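Here is a short report on one protein model. Look at the fold first, then read on.

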Amino acid sequence: MEETFEANTRDDHVKEWMVEFIAVVNDTTNQHLSVLYGTDKEDVQRALLHELKRIYTDTDRIDVTIVRLEECESVEGPIFEGLFIP
């Protein structure tokens, strides 16, 4: 019997990532928490760069410190089921 081989063994689907970062712009410190989408950490870093360019359009220099970068875990079923209080 012949073995089958999957040509694409990488997990290429887009995931949700939570990114907490500090941006220093013109001596002003701004703390951000964003949800970005990407297949891996490098893809999320590119998405973060695009977001920084969109937020801070009028500046030449942005110093960024990433505090937390983690994949969001999906929850099966309704998230708020049974939590409704009238």
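V25 touches N30, Y56, T59, R61 and I62, leaving out residues up to four places away in sequence. Contact here means heavy atoms within 4.5 Å.

This is a predicted model: local features need pLDDT of at least 70, side-chain atom pairs count only at pLDDT 80 or more, and totals for chains, interfaces and linings use all residues. Residues are numbered from 1 along each chain as its sequence is written, and side-chain values use heavy atoms, with hydrogens and water left out.

**The sheet**

An open sheet is formed by 3 strands, in the order β2-β1-β3, with antiparallel pairing. Helices (H or I, at least four residues) and strands (E, at least two) are DSSP runs, numbered from the N terminus. Two strands pair if DSSP finds at least two bridges between them. β2 (28–38) and β3 (63–71) stand at the edges, each with a single partner strand, so one side of each has no neighbour in the sheet. On average, neighbouring strands are turned by 20 degrees against each other, direction ignored. Axes are lines fitted to C-alpha atoms, for helices over the stretch in contact, and angles run from 0 to 180 degrees between N-to-C directions.

Strand β1 covers residues 15–25 and pairs with β2 over 11 bridges, in the antiparallel sense. Helix α1 (residues 41–55) packs on the sheet. This helix touches β1, β2 and β3, and its direction makes about 130 degrees with that of β2. On the other pairing, 8 bridges join β1 to β3, again antiparallel.

Some facing residues can be named. E16 stands opposite Y37 in β2. M18 has V35 in β2 as its bridge partner. For E20, the bridge partner is R68 in β3.

**The core**

Which residues make up the largest nonpolar core? They are W17, V19, F21, A23, V25, L36, V44, L48, L52 and Y56, 10 residues in all. β1 and α1 each supply at least two residues of this core. The largest share, 5 residues, comes from β1. A nonpolar core is a set of buried Ala, Val, Leu, Ile, Met, Phe, Trp, Tyr and Cys residues joined through side-chain atoms within 4.5 Å. Buried means under 20% relative accessible area, exposed over 50%, and partly exposed in between (1.4 Å probe, protein chains only). β1 is mostly covered, with 8 of its 11 residues buried. In soluble globular proteins, nonpolar side chains tend to be buried together.

**The hairpin turn**

The hairpin of β1 and β2 has 2 residues between the strands. N26 lies in the loop between β1 and β2. D27 is found in the loop between β1 and β2 too. Neither phi value below belongs to a glycine.

| Residue | Phi | Relative accessibility |
|---|---|---|
| N26 | about 50 degrees | 61%, exposed |
| D27 | near 65 degrees | 80%, exposed |

**A buried glycine**

Is G38 buried or exposed? G38 counts as buried, because its relative accessibility is 1%. G38 belongs to strand β2. Leaving aside neighbours within four places in sequence, G38 is in contact with H13, V14, K15, W17, D43 and V44.
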